[in-house]
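Trainee: I'm new to this structure and would like a close look at a single part, a salt bridge. Could you walk me through one and then show me what sits around that topic?

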Amino acid sequence: MTFALPIALALAALALPIIVFYILKLRLRRVPVSTNLFWKQIFDEKPPRSLWKNFRHLLSLLLQLLMLLLLILSIADPYFPWQLMQARKLVIVIDHSASMRANDIEPSRFEAARQTAREIIAGMRFRDEVAIVLAGQHPEVAIGMTSHNPTLRRTIDSLSVSDLPTELKPAIELGKQLIGDHAHGQVIVLTDGCVEKLENPIETPLRIESTETISDKAKVVFQVFGSEASNVGITQFQVRRSLIDPIGYEALAAVTNASATSIRCRLELTLDDVPIDVLPLDLKPGETWSRSIEKTSLNGGRLMATLTQIREEIPTSSSLPSGGLTNDTPSANSRSANNPNALTTDDSAWAILPPRHKQKVLIVTRGNLFLQKVFEANPLVEVEVRKELPNEYPVDSIVVLHSHVPAELPPGNLLVIDPDGPCNDWEIGPTLDQAIVTDQDKNSPLMTHIRLDNVIMPQAKQLQFKTAIHVLASTVTGDPIYAELKRTNGKCLVLSVNLEQSDLAFRTAFPIMVTNSLGWFAGETGELQESLATGGMSNVELTSQPSEPSKVLMIRSPSGIQTPFQAIVTSKPITTTSPPISRTALAAGSPSQPERDTALAAGSDAKPSVAEEPAASADGSLVAGKVGPLNEIGIWNVVSADGESASATNTVPSKDVAPPEPLYEIAVNLSNARESDLRPSKEFQASNTNQPLVSSWLGRPVWFYLIFIACALTTTEWFLYQRRLIT
Amino acid sequence: MLFPPDFLTRLEYLSIISKRVFRGSLLAQRRTMQMGSGIEFSDHREYTAGDDLRYLDWNIYARHGDLLLKRFQEEQDLHVYLMLDCSRSMAFGNPVKFDLARHLTAALAYIALADLDRIAIVAFANGILTEFPVTRGKARILPIMKFLENTSTAGEATDLGRAVQGLLHRGSRTGLAVVISDLFDEHGFQRGLDQLRYRRFDTHVIQLHDPKEADPALLGDVELVDVETDSVRKVTVTEKSIRTYKRYFSEHQTAVREYCRGYSLGCTQSPSTVPFDDLIMRMMRAAGAKG
């Protein structure tokens with residue numbers, strides 16, 4: 001036996017005062033009595049044998065010395081060499097994905113897993129070390145290897161379930177790395193088994209190994225918390241602006257019945273809490289219902305889909321789940337299998353519908369009804385028509401110059417059609433007769449859904465540009481007839497076709513061309529603001545006018561927790577007619593990515609600066625950054641908050657204070673069919689361990705038993721003293 | 001102050017009660033067991049030579065021819081001996097037993113004096129310590145009270161037998177002997193009472209005890225100091241030994257009671273917390289029921 005703290009043995013000197021005090025007995029209490037007549041009878045009748053009399057006095061001393069010895073030994077912390085040899089390294093991998101919220105096990109799968117983790121901690125043997133890893137989308141070490149039981153318990157108490165999808169493989173790999181080369185390493189995976197089939201690295205541990213394994217194949221044990229629970233959830237919800245209707249939008253919703261019985265429910269759609277549609281659904285077992293729903297809205301807002309009135313149809317005997325519960329331990333606590341919706345996280349989904357903004361258009365023309373009507377047909381356009389060039393050009397309007405060109409082009413957004421003369425940016429060349437468009441930029445959003453190669457253009461002007469241009473359409477001779485003019489004081493499009501002599505005005509391409517140009521001028525790319533799945537990242541880009549310098553940008557989670565927005569600030573000037581703070585966010589991978597690149601390229605000459613907590617665009621600059629991973633379902637906001645509140649990370653604002661107006665919103669949904677399917681994979685059902693994960697009670701350190709014996713001796717000594725069997 | 005101002009008033013009340021209800025039954029005005037020259041016929045016995053012929057019952061002789069002598073019960077003053085235990089064990093308790101014992105002694109003395117009897121007080125412990133000589137007349141109550149006030153607990157262990165022996169050696173006439181004591185006599189209380197009984201004393205025992213003697217609040221390691229002998233005994237008092245003590249104490253009380261009943265002696269047992277007049281009344285009621 002070895003002592004961890006041998007110096008504590010010096011405390012044995014405390015035995016000396018005990019012996020001294022025992023020898024120097026304290027003076028007894030004197031009690032006068034009227035007669036000793038009866039006491040004599042008592043004590044003389046059965047005189048104690050001298051041996052016991054002496055021994056019972058000695059016994060008290062021996063008990064006290066023994067108690068002292070036990071306490072000193074426990075402080076010295078003795079241990080045996082074999083305890084070191086048999087010490088284990090355990091990694092508890094706890095699945096905290098969204099499916100662990102299911103309540104088919106009381107109170108939830110996650111709580112059951114957490115309770116099992118507590119039991120494992122409570123059953124740790126002496127010198128055992130335990131680490132806890134959270135398995136979500138990415139593995140996370142909740143606490144590293146430690147043998148300190150209270151710390152582990154506090155860590156387990158602080159864990160919470162998330163809305164993330166499950167990725168067990170990286171967590172198990174991380175657990176193996178934590179174990180390293182230890183001979184008695186074990187990875188205990190507490191999961192509900194709601195994951196896709198694991199790949200090769202898990203094949204070996206999926207089978208519980210009965211023998212010791214090599215270091216890189218540490219023993220992996222699965223404990224599955226889950227049953228064949230029924231669930232129905234929204235597995236897809238997106239919205240985008242209509243390509244045809246300027247104020248229309250399309251919502252894509254998908255609902256999956258992940259159960260063995262038919263389920264009836266209702267899908268309710270609301271836009272900013274105003275009901276817009278209710279769809280009754282009758283879902284067969286395993287069916288996924290999907291539909292695109294077309295609606296109109298100018299202002300946009302928060303679109304929310306909710307599953308309500310979920311009820312199970314009366315199952316037939318053949319449709320009852322045959323597999324039953326997968327784990328003996330949780331089955332005792334399992335709820336009735338008739339609950340058709342064991343997971344509520346996927347019963348709601350959100351999407352952000354970008355608003356449409358009215359645009360002012362000033363048309364300067366000597367008279368072309370087709371041109372005028374194509375703008376007036378757009379409900380988002382307010383048209384003003386003039387026949388002569390104005391002295392001052394409005395800054396908030398798109399100016400359309402038809403057969404009018406000033407000597408110097410005004411700043412702002414310009415659409416020049418059939419210019420009748422030169423200006424500071426071009427010269428007029430010879431007329432192009434019977435021009436045929438042979439080349440057009442199909443990647444440009446300005447040319448989306450447009451074909452000009454079959455348009456008859458009897459007459460067009462050849463323009464010789466003085467500044468850089470981006471050619472959108474050109475003739476067979478290479479002369480541009482539709483081009484974007486690169487200039488610093490505003491956007492400018494030039495169309496050199498004579499509308500009166502061409503049939504362009506009669507073609508469907510013309511209103512599409514005008515609509516594309518209006519969208520390009522407006523700079524709005526929000527036709528699709530993607531709803532993200534939990535755990536996703538989002539690129540956020542904001543432009544704003546100067547505001548209070550003390551304000552900083554914060555990310556506000558659906559539960560109200562605010563964290564600083566790590567962003568890059570560029571000093572890009574505002575040249576669009578967008579509102580003071582416009583929603584120009586671009587989700588990663590969205591169709592508007594090229595547009596964003598173009599916008600960023602326009603300000604590429606400015607050096608980006610990284611701000612820890614950027615001020616809320618005090619100079620009207622462009623703020624861009626990544627947000628995420630977004631691990632909670634609901635609406636995430638970018639808000640402008642006070643510097644004081646931003647100084648503390650992960651703050652929860654007081655409920656008494658109204659939340660700040662969001663600058664940008666991101667919808668995050670579960671949108672994971674596997675998480676909505678609460679039925680464990682068959683691989684996990686097969687690999688679920690029946691072995692006890694908790695060590696026996698006798699696995700405690702030696703000092704524990706010493707203290708236990710000392711307590712027992714104390715109790716015995718107290719009892720004997722009270723009974724006056726010892727003195 | 002041992003005797004409060006209203007003490008005499010309470011004694012007078014007790015005296016009246018005793019005359020009205022228990023007349024002749026308690027102390028005075030009772031016939032002695034002596035045969036003598038009284039006027040009240042008692043019984044006959046056979047004539048022997050030398051007997052006084054005046055007491056020959058001639059009517060019996062005339063009818064049956066038998067010579068029988070008439071016997072008469074002698075009427076004389078009753079001598080009452082109040083034996084007060086003054087051992088140091090009587091100073092034990094709260095209130096101390098000795099105070100109650102002196103109150104009882106004074107009360108019984110007053111009742112006896114009021115009935116024209118003669119009384120004597122004998123203070124004893126391991127022998128006779130002091131005594132108040134035989135006296136009569138109600139007027140003597142004040143000296144008696146003064147005597148009792150001046151009497152204190154002293155002496156060594158109680159020895160009732162030796163005290164009675166001393167009383168008898170003084171040639172005292174037989175009469176009523178009232179023993180007021182706790183009877184914690186290591187030699188046995190029976191020895192002294194036996195001697196009184198042999199000398200044909202009418203004996204009444206008043207045994208006093210303190211409640212703490214009956215139920216001692218002791219536990220643990222203690223030194224028991226005997227207040228009479230100053231002997232010290234180191235003991236470990238346990239629940240079991242307390243139970244044994246109570247059993248022995250109860251057996252002692254029972255032994256006193258059984259002894260008195262067996263020899264037709266008056267017996268009164270009381271804790272020291274009972275007022276003396278209540279105890280006297282209880283004694284008178286018991287005597288009345290017996291008579």
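Mentor: Let's start with Asp418(A) and Lys461(A), whose side chains meet in a salt bridge, at 2.8 Å from N to O. Keep in mind that this is a predicted model. Asp418(A) sits in the loop between β19 (414–417) and β20 (426–435) of chain A, while Lys461(A) belongs to strand β22 (residues 457–465) of chain A, so the pair ties together parts that are 43 residues apart in sequence. And is Asp418(A) buried or exposed? Its relative accessibility is 4%, and buried means under 20%, so Asp418(A) counts as buried. As for the general idea, side chains of opposite charge can pair when their charged atoms come close.

Take Asp677(A) and Arg679(A), which form a salt bridge with their closest N and O atoms 2.9 Å apart. Here the two partners fall on either side of the cut-off for burial, which is 20% relative accessible area. Asp677(A), at 18% relative accessibility, counts as buried, whereas Arg679(A), with a relative accessible area of 22%, is partly exposed.

Now hop over to chain B. The side chains of Lys97(B) and Asp182(B) meet in a salt bridge too, at 3.0 Å from N to O. Lys97(B) is in helix α3 (residues 97–114) of chain B and Asp182(B) is in the loop between β7 (176–181) and α6 (189–198) of chain B, so this pair ties together parts that are 85 residues apart in sequence. Both Lys97(B) and Asp182(B) are buried.

Salt bridges can also be followed from one chain to the other here: Arg30(A), Glu223(B) and Lys234(B) are linked in a network of them.

Three strands make up an open sheet, in the order β9-β10-β13 (chain A), with antiparallel pairing. Its edge strands are β9 (232–241) and β13 (288–296) of chain A, each of which pairs on one side only. On average, neighbouring strands of this sheet are turned by 15° against each other, direction ignored. What holds such strands together in general? Strands of a sheet pair through backbone hydrogen bonds, either parallel or antiparallel. In this case, nine bridges join β9(A) to the antiparallel strand β10 (residues 248–257) of chain A.

Conventions: Residues numbered from 1 in each chain as written. Chains lettered and ligands numbered in written order. Predicted model: local features only at pLDDT ≥ 70, side-chain atom pairs only at ≥ 80, totals over all residues. Heavy atoms only, no water. Pairing = 2+ DSSP bridges. Helix = DSSP H or I, 4+ residues; strand = E, 2+ residues; numbered from the N terminus. Axes fitted to C-alpha atoms, helices over the stretch in contact; angles between N-to-C directions. Salt bridge = Lys/Arg side-chain N within 4 Å of Asp/Glu carboxyl O. Buried < 20%, exposed > 50% of the residue type's maximum accessible area, 1.4 Å probe, protein only.
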